[in-house]
Amino acid sequence: MDARKVVVIGSGPGGSGIAALLAHGGDKVTLLEKNGFLGGKCSALEQDGYVVDTGVHMFGQGPNGPFGKIASMVGEKLDWCLREPMIDFYYSGKGPMHVTHNPLNPIFIKSFLNINLRGWMKPPNLLKDMRRIFKNYTFKELANIINKLSNPYTPYLTEFEDITVKDFFASITDSRDFLRSMHAQTMITMVIPWDNASLADFLYIQFGTVRNRGFGYPAGGSGEIPKTFLRGFERNGGTIRTGTEVKTIDVENGRAKGVTTMAGEFIPADIVISNAGIHRTIDLAGEKNFPTAYTTRASRLKMSCAFIATKYFLDTKVTSMMAPCMFHCPDLDADEMFAYIETGEIPKDLYLFVTVPSMSDPSLAPLGKDILIVGVPAPSDLSRIPQCEGLLDLAEHIAEVRLFPEIKGHIIKKQRTHIAQTSGLTGRKTGECIGLAQEVGQTGTKKPTPQTPIKGLYLVGSDAGGKGIGTECAADSALYLYNILK
Ligand SMILES: Cc1cc2nc3c(=O)[nH]c(=O)nc-3n(C[C@H](O)[C@H](O)[C@H](O)COP(=O)(O)OP(=O)(O)OC[C@H]3O[C@@H](n4cnc5c(N)ncnc54)[C@H](O)[C@@H]3O)c2cc1C
């Protein structure tokens, strides 16, 4: 039998993952990427001896999630840097809590006790919380939830997909610190506010990260994830063309026939797979070729919020962090913390996601130096660029004055990347971080699947089918699609 001709549009973790899997399975695959480099939002570029993440990334399940699975399926190995502690949770005014892969690690236990002594999490009012829990849930419902959550295989619990993270946690406690931690965890992993976020996705992500003990950073930088898949792809005969933007997906009689590039070249295909996102894919294939119900539903789908960042090229090492990653939590109530995304204001304090990739892998910066990345949740609409600049002004102030005084006088260069850059990276109209928002009503069983109504046209990436955090969701989508197409 002749091998199927497949064209994959885009080289994000989803596009590179499915390209590698299909080439390994014997298909004749061509991958077209509009950028001059590979990896989409999950890439890293070399600048003056520093390897700089185009975003600001950490990876929840590392070698033990979908990345490890795809790499081993295509015969490649991706090395991971799993540092201990893995995260410094920094609560404004209360100092750090060092979180380790194993919660029984003394480093974690000691810092947990210390931060509690400094008044972080006031002891919960157990009696009040128990009363609240039994008011909201029957004994049978509680036993069912506990039973489900203790399943070691961390299934995706669809029965929770229509419950928001906020509704669930507010129904079991009113502990201020616990609630703001849950809102912060929602924002850092799903990049949406907790009052829309689906509890099923939240639990899947949190339990998957804790159980798989793979939280970390790939050796060589975040771009190594798609590059590793694509090494396997090329070894299995796949063709990569960078700097090649697809202008149209060509459809005849309800079937995808191939693609035409911006340069006017027609590339025929039996199967076209788009990593360009659901909205852009509809534009590329022509709205008229889809049933109205599909395009109407797609037009209502919401994308996640954005993450913007300042990157510091330092001529010194960062000494204020023990872990290569910090979550800085402001002293604000749960509902106040991210209200600025809606209101357009600049708040008085900010939640920050800070990484030092060269602490994970020292080869990512010149000897004795570090690259420090300070990320902030932000709105994704391009009309909000001025607010994003204001948020980064505040983030830089917190980083330079409060969190990392040691970098004063050691900043070689600062570089800001925000929604305009992210939108440029992906070719989407907005600068969202993840892709499709993992919100109630459009996730789990209601999430668009990789199949589209056009025969031979499929979606892959964070908009279609997968579950997990951003990049892992995109790689999971590649596994999902491979199961359909193999
Ligand atoms: C600042 C920031 C921080 C993030 N932090 C994290 C994190 O800590 N952990 C995490 O897991 N995730 C994180 N993410 C999210 C993660 O990077 C994305 O969810 C993930 O990369 C989405 O993968 P994807 O496969 O859907 O495709 P994308 O990465 O969106 O890539 C799509 C690719 O398609 C190409 N393309 C589009 N249109 C065309 C066309 N017409 N022709 C040819 N090529 C085309 C684009 O150029 C791009 O390369 C972050 C993202 C950002 C921006």
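**Ground rules.** I am working from a predicted model, where local features need pLDDT of at least 70, side-chain atom pairs count only at pLDDT 80 or more, and totals for chains, interfaces and linings use all residues. I number residues from 1 along each chain as its sequence is written, and side-chain values use heavy atoms, with hydrogens and water left out.

**Domains.** I looked up the domain assignment first, with bounds that come from an automatic or database domain assignment. I found domain 1 (5–79 + 220–301 + 438–485), domain 2 (125–214) and domain 3 (305–425). The centres of domain 1 and domain 2, taken over C-alpha atoms, are 31 Å apart. Their contact takes 17 residues from domain 1 and 20 residues from domain 2, with contact meaning heavy atoms within 4.5 Å.

**The five-stranded sheet.** I took helices (H or I, at least four residues) and strands (E, at least two) as DSSP runs, numbered from the N terminus. Two strands pair if DSSP finds at least two bridges between them. With that settled, I traced an open sheet of five strands in the order β9-β2-β1-β13-β19, with parallel pairing. Its edge strands are β9 (239–241) and β19 (457–459), and each pairs on one side only. Neighbouring strands here are turned by 20° against each other on average, direction ignored; axes are lines fitted to C-alpha atoms, for helices over the stretch in contact, and angles run from 0 to 180 degrees between N-to-C directions.

I then zoomed in on β1 (residues 5–9) and β2 (residues 28–32), which run parallel and are joined by five bridges. Ile-9 stands opposite Leu-32 in β2. Helix α1 (residues 13–24) packs on this sheet and touches β1, β2 and β13 (271–274). The direction of α1 makes about 165° with that of β2.

**The three-stranded sheet.** I also found an open sheet ordered β10-β11-β12, with antiparallel pairing. The edges are β10 (246–252) and β12 (266–268). On average, neighbouring strands in this sheet are turned by 30° against each other, direction ignored. Six bridges join β10 to β11 (residues 255–261), and Val-251 stands opposite Ala-256 in β11.

**Cavities.** On a 1 Å grid over the protein atoms alone, a cavity is a set of points where a 1.4 Å probe fits but cannot get out, and a pocket is an open set with protein on both sides within 12 Å along at least five of seven lines; lining residues have an atom within 4 Å of a point. Grid points are joined across faces, edges and corners, and a volume is the space filled by probe spheres set on the points. I counted three cavities of 30 Å³ or more.

**Second largest pocket.** I noted a volume of about 510 Å³. Of its 21 lining residues, the closest to the centre are Pro-193, Asn-196, Cys-305, Ile-341 and Glu-342. Domain 2 and domain 3 each supply at least three residues of the lining.
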